[in-house]
Amino acid sequence: MARKNQTLGEFIIENQEAFPYSSGELSRLINSIRLAAKVVNHEVNKAGLVDITGAVGETNIQGEEQQKLDVYANEKFIQTLTNREIVCGIASEENDDFITIQGQNKDHQNKYVLLMDPLDGSSNIDVNVSVGTIFSVYRRVTPIGTPVTKEDFLQPGNKQVAAGYVVYGTSTMLVYTTGHGVNGFTLNPAIGTYYLSHPNMQFSETGRIYSINEGNYNHFPQGVKDYIKYCQAEEEDRPYTSRYIGSLVSDIHRNMIKGGIYIYPKSSKSSNGKLRLLYECNPMAFIAEQAGGKASDGFQRIMDIKPKELHQRVPFFCGSKKMVEKAEEFMKNAPE
Ligand code: AHM
Ligand code: MG
């Protein structure tokens with residue numbers, strides 16, 4: 001039972017019982033993510049001190065080379081998970097190929113793979129706008145005891161066993177699901193503890209916010225243009241409000257709390273949109289569905305798409321169920 005103000009540590013232990021066959025690996029995995037997220041959070045919060053700590057490429061006062069934060073976050077997550085021997089492989093938006101983790105005894109005994117976008121929206125850091133980490137966990141499909149293969153990573157989203165995000169915002173929050181609803185934990189930075197602040201998060205069935213980069217309007221498919229016009233029309237509960245941070249985690253997080261839709265469609269400039277199926281869309285889709293929302297590529301369920309490559313991109317419509325369904329209706333009706 002989720003209780004408000006429970007710490008994340010307490011929550012993980014209590015909820016481990018929800019997995020009767022669990023060996024505790026998944027709990028340890030979430031624990032490691034929470035640890036890495038704290039370290040990254042500390043660094044993200046220092047980003048504004050660039051004149052003091054040194055800019056990217058410079059050497060700081062401790063003689064360390066200053067790194068770009070997305071590279072730093074990537075290394076921290078990989079390091080934390082590798083050292084704890086929890087996963088057998090990691091695929092990251094920052095790396096061309098997946099990483100195999102054989103374990104101390106070189107016996108490939110771990111059963112989960114992790115896919116992540118270590119620091120999404122990182123172009124926002126320079127202007128002090130929220131960024132996030134997105135992660136997704138699958139059980140490997142190849143036999144335990146052998147090295148992971150690409151097949152372990154190229155699973156459809158409906159096979160995810162856990163997914164979540166960390167938003168480094170006005171406060172830092174870890175939001176995740178293991179398929180039993182969505183819970184959000186807020187970090188108390190003074191003592192480094194996450195507390196359950198948002199139990200059982202839910203997308204309202206419909207909402208009044210639409211989030212899309214309208215600067216690309218002229219390049220959008222007709223169905224998306226029509227849906228935008230629908231959002232702007234003077235009717236009962238419309239026009240809707242337009243809100244676009246340009247940081248996926250923050251845009252989805254806000255829409256989940258307030259009710260809304262996020263769209264990154266394909267365009268005449270990018271035939272599959274911008275977002276990555278494995279690192280961004282599938283984990284957000286799992287969270288959205290677990291919160292009563294919906295995620296689609298405009299025509300079909302995101303989590304049913306069989307991935308062909310690690311860095312595959314896909315159009316993304318995600319949010320309050322009725323709003324996504326409405327957008328799909330416009331997509332279906334507009335001949336291309
Ligand atoms: P990134 O992975 O390179 O950071 O790009 C992903 C980000 C998302 O967070 C955001 O929703 C989107 O790109 C914004 O793109 P655009 O500036 O084209 O609207
Ligand atoms: Mg990204």
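How are the donor residues of the magnesium ion (ligand 2) spaced in sequence? The answer comes in point 2, after some housekeeping.

1. **Ground rules.** This is a predicted model, where local features need pLDDT of at least 70, side-chain atom pairs count only at pLDDT 80 or more, and totals for chains, interfaces and linings use all residues. Residues are numbered from 1 along each chain as its sequence is written, chains are lettered from A and ligands numbered from 1 in the order in which they are written, and side-chain values use heavy atoms, with hydrogens and water left out.

2. **The metal site.** The spacing is D-x2-D-x159-E. The residues behind that pattern are Asp117 (OD), Asp120 (OD) and Glu280 (OE), which coordinate the magnesium ion (ligand 2) at 1.9 to 2.0 Å. Donors here are N, O and S atoms within 2.8 Å of the metal (3.2 Å for Na, K and Ca), and because water is not among the atoms, sites may look incomplete. Distant parts of the chain are linked here: aspartate 117 sits in strand E3 (residues 112–120) and glutamate 280 in helix H8, 163 residues apart. For helices and strands, read DSSP runs numbered from the N terminus (H or I, at least four residues, for helices; E, at least two, for strands). Aspartate 117 is buried at 1% relative accessible area, and glutamate 280 is buried too, at 3%. Buried means under 20% relative accessible area, exposed over 50%, and partly exposed in between (1.4 Å probe, protein chains only).

3. **Ligand 1.** Around ligand 1 there are 15 residues, the closest being Asp120, Tyr244, Leu248, Tyr262 and Tyr264; a residue counts as near a molecule or strand if one of its heavy atoms lies within 4 Å of it. Asp120 also turned up above as a magnesium donor.

4. **Domains.** The protein chain splits into domain 1 (8–198) and domain 2 (209–333), with bounds that come from an automatic or database domain assignment. Their C-alpha centres lie 24 Å apart. The contact between them takes 46 residues from domain 1 and 30 residues from domain 2, where contact means heavy atoms within 4.5 Å.

5. **The cores.** A nonpolar core is a set of buried Ala, Val, Leu, Ile, Met, Phe, Trp, Tyr and Cys residues joined through side-chain atoms within 4.5 Å. The largest one has 43 residues, and Met256, Met284, Ile302 and Phe316 touch the most other members. Helix H8 (residues 277–290) gives the most to this core, with nine residues. Both domain 1 and domain 2 give residues to this core, so it lies between them. There is also a second, separate core of 39 residues, including Leu26, Tyr72, Ala73 and Leu187.

6. **Phe316 and Cys281.** Leaving aside neighbours within four places in sequence, phenylalanine 316 is in contact with a list that includes Tyr262, Tyr264, Cys281, Met284 and Ile302. Cysteine 281 is in helix H8 and buried, with a relative accessible area of 0%. With residues up to four places away left out, Cys281 touches Leu275, Arg276, Ile302, Val314 and Phe316. Its C-alpha is separated by 9.1 Å from that of serine 296, 15 residues apart along the chain.

7. **Asp251.** Aspartate 251 lies in helix H7 (residues 248–258). Is aspartate 251 buried or exposed? Buried, with a relative accessible area of 0%. Its side chain makes a polar contact with the side chain of arginine 254 (3.0 Å). A polar contact is a pair of N or O atoms within 3.5 Å; within protein, one must be able to donate a hydrogen and the other to accept it, and residues adjacent in sequence count only if both atoms are side-chain atoms.

8. **Thr133.** Threonine 133 belongs to strand E4 (residues 131–139) and is buried at 1% relative accessibility. A polar atom of the threonine 133 side chain lies 2.7 Å from the backbone oxygen of proline 118. Among the residues that threonine 133 touches, not counting those up to four places away in sequence, are Asp117, Pro118 and Leu119.
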